[in-house]
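Visitor: I am new to this structure and would like to be taken through it step by step. Please show it first.

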Amino acid sequence: METLLENDIKPLTSKDFSTDQDVKWCPGCGDYSILKQAQTIFPELGVPKENLVFISGIGCSSRFTYYMDTFGVHSIHGRAAAIASGVKAANPDLSVWIVSGDGDSFSIGGNHFIHAMRKNFNFNYLVFNNQIYSLTKGQYSPTSEKGKVTKTTPYGSIEEPFNPSELALGAKASFVSRTLDRDPKHMQMVLKRADQFKGTSFVEIYQNCPVFNDAAFFAFSDKETKKEEAIFLEHGKPLIYGHNDEKGIKLDGLTPVIVNIAENGLADLWIHDEKDKTKANLLSRFFDTTFNGEDFPRPFGILYADERPVYDEGMTMQIEEIRSRKGRMPLNKILSGDNTWIIA
Amino acid sequence: MNTIGETLNNSSIGIEAESMVVRFSGDSGDGMQLTGMQFTDTAAFLGNDLSTFPDYPSEIRAPIGTVAGVSGFQVHFGSKEIYTPGDEFDVLVAMNAAALKVDLPRLKKGGVVIANISGFDKKNLGLAKYPETADPLEDGTLDNYILHKVDITKNTKECLAGTGLGTKEIERSKNMFVLGLLFWTFEKPLDHTIKFIEEKFAKKTEIADANIRTLRAGWNYGENTEIFNTRFKVTSAKMVSGVYRNITGNHATAIGLIAASDKSGLPLFLGSYPITPATDILHELSKYKANGVKTFQAEDEIAGVCSAIGASYTGQLAITTTSGPGLALKTEAIGLATMLEIPLVIVNVQRGGPSTGLPTKTEQADLLMAMHGRHGEAPLAVLAATSPSDCFNMAYEACRIAVEHMTPVILLTDGYIANGSEPWRFPNEDDLKPISVEFLGKPNGAEGEILPYKRNEKLVRPWIKPGTKGMEHRIGGLEKQDITGNVSYDPLNHETMVHLRAEKINKIADYIPELRPDTGNDKAKLLVLGWGSTYGAIKTAVREAIAEGYDVAHAHLRYINPFPKNLGDLLRGYDKVLIPEMNSGQLLQLIRAKYLIDAIGFSKVQGLPFTTTEMKAKIVELLK
């Protein structure tokens, strides 16, 4: 260990990622858990601390930046992805993390969200989804369920919510995942996978707002209901859930069917394949779609992950290719252009 | 030898002129812009000073033959110094009836009309909404002008008969016939255009041959047709000796940005969204990938500026380019850049507003938006270019100020100078002012802490690049505590920061030139104070007025925020101050408010630049 010390290489700990600023979220806010899990896994990522950049928008989620001892910009409402695009295009060596919320990304920043998915920069895009506007004290958000009663909808909202994973897939996302604040180990796994994935890694994090939308996701984490309401995906493993893992999901053509494993057996169950976009599209619809009248459990984990060329690398490669072919043009040549004349 | 113009037809009448204005006018699809530009390039090569004004509709292909679809290109060239594209034309090429209808009012009495007969048939007269019995080529409308009726369409067809080209291709070549005829009329050789055609259609030799053949046919038509007997000779201008090129404002802006990147050593990043009339800057910069220029066509105007903010944050020279509606969309993000105190250049190529307004027409109506158009008090530097080539200087200056003073800078140009062109005695890279850049590489606090908002003598905070070991820190749009940059809601701190941000911008005045009269003396009865693209019209008018004995001077602002330090003193040297603007008096408000001077406004908001005639008339009116 002596050589390590001589080179001043100390392994980082979660403390190295805490700042001296007081954390100002409400007591019981799900954001505390997200911060904790990030600070826990970041020392393990192997990214030099100075290369980490957090870019956030506006909302409770976006205060996150102030609490991570890395580089960071707490920017303006909805624009974190647009700013992060510039950061990553300018310096592809940085590890860039966008922190946003459901209002920030799906309402005011909706355009940047879909184009970020399409352009596929190699950055990570975390959306803390609490299905409510909290920083403005409780209005329905674009992910609030229809009929939601809030200060702006005292008689219930009349709008359908976005289904974020379906939206991301429709926008050509290459990595789509879901996790939740009350499952620390799962969240750590998903964050690590997002970091490892080359491309835009979209992580939807169900996050409880104890003040304005309490218990919105408890069904997916409470012991009583979790095993019936949630299904945890693992690549190469069959889709199994239920109190005693007694239920399985198989495909009848392209229609998902819930089966009793005791009767059906395991042999023809749907095997999760992260690279299968058709299946990912179906999984994303385990949200508000019923198939043959049956409700399906909400999937957590990596719904889809299939690498394709990333924007920042493409930009760099194109520049290098053209430079090697044409050579850098001297400034004097740019100033003169091709057609000049002399006046004596 | 390609030069056909060596044998002169002695029977033609030669008219020598000091300067001439030619207006090419036709349908959007008639190729008038290309024809005008080729004519311009040849004139420039032969040593004429010149100024151009492309004037086209916002529809790419408006209904053929209608007044709405008329596209014009105006060039003013001469043997004297030229500062404007000219008020009136000496020669009007009218490809159809609609073109004549639109442009005849600005043809000088006694001027020359070259009319394409095929464009004046019953159908075209109807499309141009001439009354049913009217025919301007025959009914005396043009009695006060020299009219040359040429069947350009028919001549082109005959010239290309048997070449195997389709009707469409043949139709498309008729602008070359016009160009050839004009070259004959002005005694200009064809070489330059022939070289251009050969290069442009290097892989389509049959098209190149057809164009060259038509070009020569146009020349020969002038040479051989008895009735076509007027020729003009405009000798070369006495310009400052040196090497010149022709350049448009948008092109000059683009290479000004590249030059600043090169001299500062900062990689160039442009985040932009296409918008008329600014898009050509994005087009141009996209060509320089070999020089490492990164152009990012963003999903919208907001993403354009935000991506630039991101790139600036990483330590690059970051630019966003736009026009009025885009600047409106970018304002919130520019407020963020003001708060973050990072360098950012915003180029606003102004057009007629509000809303979609007049996208292809010019205006200077975004000055107050550039000055004040943000929420909260968010001061930044504002510069304005005076002419096509000056766009280079001011783009370079915008970058220098942004980087050296850690601030957003708005550079105002407008459609008139962005699309217009002029000869430019371009600089050598060694003559460009250095741009100094510093990044903070280690903690700057006495206790080894990082203080992102600790300021230097210019009140400028340090630029800290992500990736710098040990310099991790957070910044954002919430109010900053002085020095530390931490979030602060302290009332007095906010007031301090508002003042510091303003004072930082005011201090830029120590690093820009003082204002001197461009023409005339430090004291006079009248000062004409302009800004931006009104330069040429004011300069020409003031020179003429001085020559006629009027006591007048001209000063021109290129630095608007902050103003040059001596501006107040300079203004007080004149009995009267006249401020002409292509808006309803925006600089006028700023000058009156700041210096308590009873300046007089002169406003034109027609989507068109001032003419020298109207400028001079105003000067004379005030001095009578």
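Guide: Two residues are in contact if their C-beta atoms, placed from the backbone, lie within 7 Å. This is a predicted model, in which local features need pLDDT of at least 70 and side-chain atom pairs count only at pLDDT 80 or more, while totals for chains, interfaces and linings use all residues. Residues are numbered from 1 along each chain as its sequence is written, and chains are lettered from A and ligands numbered from 1 in the order in which they are written.

Visitor: How many residues does the contact take from chain B and from chain A?
Guide: Both chains supply residues to the contact. Chain A gives 51 residues and chain B gives 57 residues.

Visitor: Which helix of chain B gives the most to the side that touches chain A?
Guide: Helices (H or I, at least four residues) and strands (E, at least two) are DSSP runs, numbered from the N terminus. Several elements of chain B each supply at least two residues of this side, among them helix 1 (32-45), strand 9 (242-248), helix 9 (249-264) and helix 11 (301-313). The one that gives the most, with 9 residues, is helix 11.

Visitor: How do the residues of that side of chain B divide into nonpolar, polar and charged?
Guide: Ala, Val, Leu, Ile, Met, Phe, Trp, Tyr, Cys and Pro count as nonpolar, Asp, Glu, Lys and Arg as charged, and the others, Gly among them, as polar. By that division the side of chain B that touches chain A has 28 nonpolar, 17 polar and 12 charged residues.

Visitor: In strand 9 of chain B, which residue is the bridge partner of A:Trp341?
Guide: Two strands pair if DSSP finds at least two bridges between them. Strand 12 (residues 341-343) of chain A pairs with strand 9 of chain B over 3 bridges, in the antiparallel sense. The bridge partner of A:Trp341 is B:Tyr244.

Visitor: Is B:Glu299 buried, exposed or partly exposed?
Guide: A residue is buried if 20 or more other C-beta atoms lie within 10 Å of its own, exposed if 12 or fewer, and partly exposed in between, with C-beta atoms placed from the backbone. B:Glu299 sits in the loop between strand 11 and helix 11 of chain B, and touches A:Asn111, A:His112 and A:His115, not counting residues up to four places away in sequence. Because B:Glu299 has 19 C-beta neighbours inside 10 Å, it counts as partly exposed.

Visitor: How many residues of helix 3 of chain A are buried?
Guide: Of the 344 residues of chain A, 45% count as buried. Helix 3 (residues 80-90) of chain A is mostly covered. Its buried residues include A:Ile83, A:Val87 and A:Lys88. The count for helix 3 of chain A is 11 of 11.

Visitor: In strand 15 of chain B, which residue is the bridge partner of B:Leu383?
Guide: Strand 15 (residues 408-414) of chain B has 7 of its 7 residues buried. It pairs in the parallel sense with strand 13 (residues 344-350) of chain B over 7 bridges, and with strand 14 (residues 381-384) of chain B, also in the parallel sense, over 4 bridges. The bridge partner of B:Leu383 is B:Leu411.

Visitor: Which way do the residues of strand 15 of chain B point?
Guide: In a regular strand the side chains alternate between the two faces of the sheet. In strand 15 of chain B, B:Pro408, B:Ile410, B:Leu412 and B:Asp414 point one way. Pointing the other way are B:Val409, B:Leu411 and B:Thr413.

Visitor: Which strands stand at the edges of the open sheet of 4 strands in chain B?
Guide: The order of this sheet is 19-18-21-22, with parallel pairing. Each edge strand has a single partner strand, so one side of each is left without a neighbour in the sheet. The edge strands of chain B are strand 19 (552-557) and strand 22 (600-603).
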